[in-house]
Amino acid sequence: MNVKRDPFVHHPELRDKVIDPNKSYFRTFQPADLDKRMRASGGPKKWRMSDAEREASRKLALAGHLNGDLWVFAYGSLMWDPGFQFEEVRLASVAGYARQFCLKDDLGGRGTPNRPGLMAALDEGNGCTGLAFRIAAEQCNAETEILWRREMLTGAYIPKIVHADCGNTKIVALTFVANHRVRRIKTNLTRAMQVQYIATGKGFRGSSLGYIQNLAENLTILGIDDQEVFSLLQDAEAYAADEHNSS
């Protein structure tokens, strides 16, 4: 009898922190579910990639990488809510990239046109430590369809294969990096704008402040010292408190 390996064998501290994929919103989410919401809010007509465009992107990015297990490098909300089934999770570091708070959300998820939110994207930098999730070979096709519906919804990212360091193990992993051709990627935001967007952005998926609080909590649990995240969180919480006290 085959005994399924504990996916948290390397990080038991994450067992109660990572949302069960079967209970994740993203597991059953369909992009068309949001079309009505976007029309009602007066959002742009072509606000997302078509199903055909998204599937073509998936097939192109994964060509030659679906003949075995697939690692996925997570640096933001995928760390605590991957949505896909995985066999193993490991602490991992990728060189040449960093978490950058440059993904502006004005589509309703964690911000609106009047009060945009802000989330992290992976962009050029001095290195990023996050989590790598391993998807079993026989599940790769189905699970990456779920992943693409979530990460490639609006085309704000570019799927990329990167080399990651898991301590004494080197892996090749799929990740999603900032797409500078998309208007939602804003690399010219001032620090004051970043703090304001994080502190005030809210939508149907929650608040931008809640997002960075979750991120900071997970980084702390893993012992990842990302001072940009902690500094932005401190400033955003102070901004939110000031706004609450003045209202």
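## Cysteines and aromatic rings

At 1% relative accessibility, Cys140 counts as buried, a label that means under 20% relative accessible area with a 1.4 Å probe on protein chains only. This is a predicted model, in which local features need pLDDT of at least 70 and side-chain atom pairs count only at pLDDT 80 or more, while totals for chains, interfaces and linings use all residues. Residues are numbered from 1 along each chain as its sequence is written, and side-chain values use heavy atoms, leaving out hydrogens and water.

The sulfur of Cys140 has its closest cysteine sulfur 16 Å away, in Cys166, too far for a bond. Cys102 is also buried, at 3% relative accessibility, and its sulfur lies 12 Å from the closest one, in Cys128, again too far for a bond. With a disulfide taken as two cysteine sulfur atoms within 2.5 Å, the count is zero.

Now to the rings. Phe, Tyr and Trp rings (the six-membered one for Trp) pair if their centres lie within 6.5 Å; planes under 30 degrees apart are stacked, over 60 edge-to-face and the rest tilted. This gives nine aromatic pairs. One of them joins Phe8 and Phe86, with centres 5.8 Å apart and planes at 90 degrees, so it is edge-to-face. These two residues sit 78 residues apart, and both are buried. Ring pairs also link Phe8, Phe84, Phe86 and Phe133 into a cluster.

| Charge | Ring | Distance from ring centre |
|---|---|---|
| Arg37 | Phe204 | 4.2 Å |
| Arg150 | Phe26 | 3.9 Å |

Technical notes: Buried means under 20% relative accessible area, exposed over 50%, partly exposed in between (1.4 Å probe, protein chains only). Helices (H or I, at least four residues) and strands (E, at least two) are DSSP runs, numbered from the N terminus. A charge sits over a ring if NZ of Lys or CZ of Arg is within 6 Å of the ring centre and within 35 degrees of the ring normal.
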